[in-house]
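Let's take a walk through a protein model together. Keep the sequence and the 3D view side by side as you read.

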Amino acid sequence: MGTLLLEGLRKEYGRAVAVERVDIDVGEGELVSLLGPSGCGKTTTLRMVAGFIEPTAGRVVIAGKDVTATPPYARQTGMVFQSYALFPHMSVADNVGFGLEMRKVGRAERDRRVADALKLVRLDQLADRLPRQLSGGQQQRVALARALVINPAVFLLDEPLSNLDAKLRADVRGEIRALQQRLGLTTLMVTHDQEEALTMSDRLVVMEGGRVRQVGTAEDLYENPADAFVADFVGRCNIIRGTVEGAALRSEGGSLLPCQVEGARKNASVLALRPERITLQPGTDGAGIPARLAAILYLGAQTEYRLDLDGTTLTAIRATPTENDAMRRIKTGDTVKVSWDAAAARLLPA
Ligand SMILES: Nc1ncnc2c1ncn2[C@@H]1O[C@H](COP(=O)(O)OP(=O)(O)OP(=O)(O)O)[C@@H](O)[C@H]1O
Ligand SMILES: [Mg+2]
């Protein structure tokens, strides 16, 4: 296994810039996720690492060696594609062994390594099946085995779980992470699913418009987002525009919203407030800002409240109230008092 370093990566398609100024390092045995909306350049970045796309500028360094000009098969990268891309007419074992055959690995060693890889993903019993005789989750594991069998220095995953249903996704997510940690695989994974990225990664790279917005652990990004885009993309967040007035933000609707002004960046002009940090009180007495309840969404363990605060929409998420809780009796259209700790409301650049 080795480290992975991307330096100043850039990709232009004609006049359009798909990726620019991407600097990322993945340590030995670390799993780093590229997270961002559709079209932000995640797949393009991953394919430049694998060697399927030639960068316009920048370098790819694997285990200390510059591989920018090295063809894909000689890069020691194992890639799992979003579509799995299994050969439909070949058995599970032959699919997994294909990369070794291409690399002219002899029959006996090939058989042994294929058997090992299939055991790793718990498919050793199904080696003779064809891909269409497997479930989605099993096909996904064949794709993993096929990437692992070549003993890659760097493991690349492009939306590996996107074809699976919600329940299976959660299971396979855990399996991939356990395997990655057990084998100490240096991994770069692409996803647009924030839950996937938050639960599986050592660190995350948030991308937007071809650029890196922020790099950090899940906690870094959630607690200290660099800007409103990251706050909104990682976890849920109320993003409120306005102008700073003393220790508060005057919303466009005219409400004065307490926030953490100290330490905020000069160009900060939006308030970011996590839904779980908002406290609700039934009735109109006491401290807090009055707001009208526009909707109540029951989510089971939690309840989501959509609030209208002088034209500004706020979302609060609280534990679902129990039998004797006064919050149990409030309904849509009621007025409630909302409040939060000023330190929980961060001023960020838009
Ligand atoms: N071969 C190409 N020619 C021209 N433009 C391209 C090409 N491939 C990708 N692009 C553009 O580059 C940008 C980044 O594409 P990319 O596939 O990397 O996005 P992504 O982040 O993987 O998105 P998704 O989540 O939808 O898979 C997009 O605007 C896309 O339209
Ligand atoms: Mg993609």
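A residue counts as near a molecule or strand if one of its heavy atoms lies within 4 Å of it. With that in mind, ligand 1 is surrounded by Tyr13, Ala18, Pro37, Ser38, Gly39, Cys40, Gly41, Lys42, Thr43, Thr44 and Glu159.

Before going further, a word on what you're looking at. This is a predicted model, in which local features need pLDDT of at least 70, side-chain atom pairs count only at pLDDT 80 or more, and totals for chains, interfaces and linings use all residues. Residues are numbered from 1 along each chain as its sequence is written, chains are lettered from A and ligands numbered from 1 in the order in which they are written, and side-chain values use heavy atoms, leaving out hydrogens and water.

**Around the ligand**

The shell around ligand 1 splits into four nonpolar, five polar and two charged residues. Here Ala, Val, Leu, Ile, Met, Phe, Trp, Tyr, Cys and Pro count as nonpolar, Asp, Glu, Lys and Arg as charged, and the others, Gly among them, as polar. Some polar contacts (pairs of N or O atoms within 3.5 Å) are listed here:

| Residue | Its atom | Distance to an oxygen atom of ligand 1 |
|---|---|---|
| Cys40 | polar backbone atom | 3.2 Å |
| Thr43 | N or O atom in the side chain | 2.8 Å |
| Thr44 | N or O atom in the side chain | 2.5 Å |

On its own, ligand 1 has 640 Å² of accessible area, and the protein covers 56% of that. Such areas come from the Shrake-Rupley method with a 1.4 Å probe.

Which helix gives the largest share of the shell around ligand 1? That's helix 1 (residues 42-50), with three residues. Helices are DSSP runs (H or I, at least four residues), strands are too (E, at least two), and both are numbered from the N terminus.

Helix 1 is mostly covered, with seven of its nine residues buried. Buried means under 20% relative accessible area, exposed means over 50%, and partly exposed is in between (1.4 Å probe, protein chains only). The buried ones are Lys42, Thr44, Thr45, Leu46, Met48, Val49 and Ala50.

**The nonpolar core**

A nonpolar core is a set of buried Ala, Val, Leu, Ile, Met, Phe, Trp, Tyr and Cys residues joined through side-chain atoms within 4.5 Å. The largest one here has 35 residues, and Val96, Leu118 and Phe155 touch the most other members. Two or more residues come from each of helix 2 (92-102), helix 3 (107-120), helix 4 (136-148), strand 7 (154-158) and helix 5 (166-183). Helix 4 gives the most, six residues.

**Out in the loops**

Asn151 sits in the loop between helix 4 and strand 7. Its phi is positive, about 50°, although Asn151 is not a glycine. Is Asn151 buried or exposed? It counts as exposed, at 53% relative accessibility.

Asp310 also isn't a glycine, yet has a positive phi of about 50°. Look for Asp310 in the loop between strand 17 (302-309) and strand 18 (312-319); with a relative accessible area of 51%, Asp310 is exposed.

Gly184 lies in the loop between helix 5 and strand 8 (187-191). This glycine, Gly184, is partly exposed, at 22%.

**Zooming out**

The domain assignment, from an automatic method or a database, gives domain 1 (4-223) and domain 2 (237-349). Their centres, taken over C-alpha atoms, are 40 Å apart.

Conventions
Polar contact = N/O pair within 3.5 Å; in protein donor to acceptor, adjacent residues only side chain to side chain.
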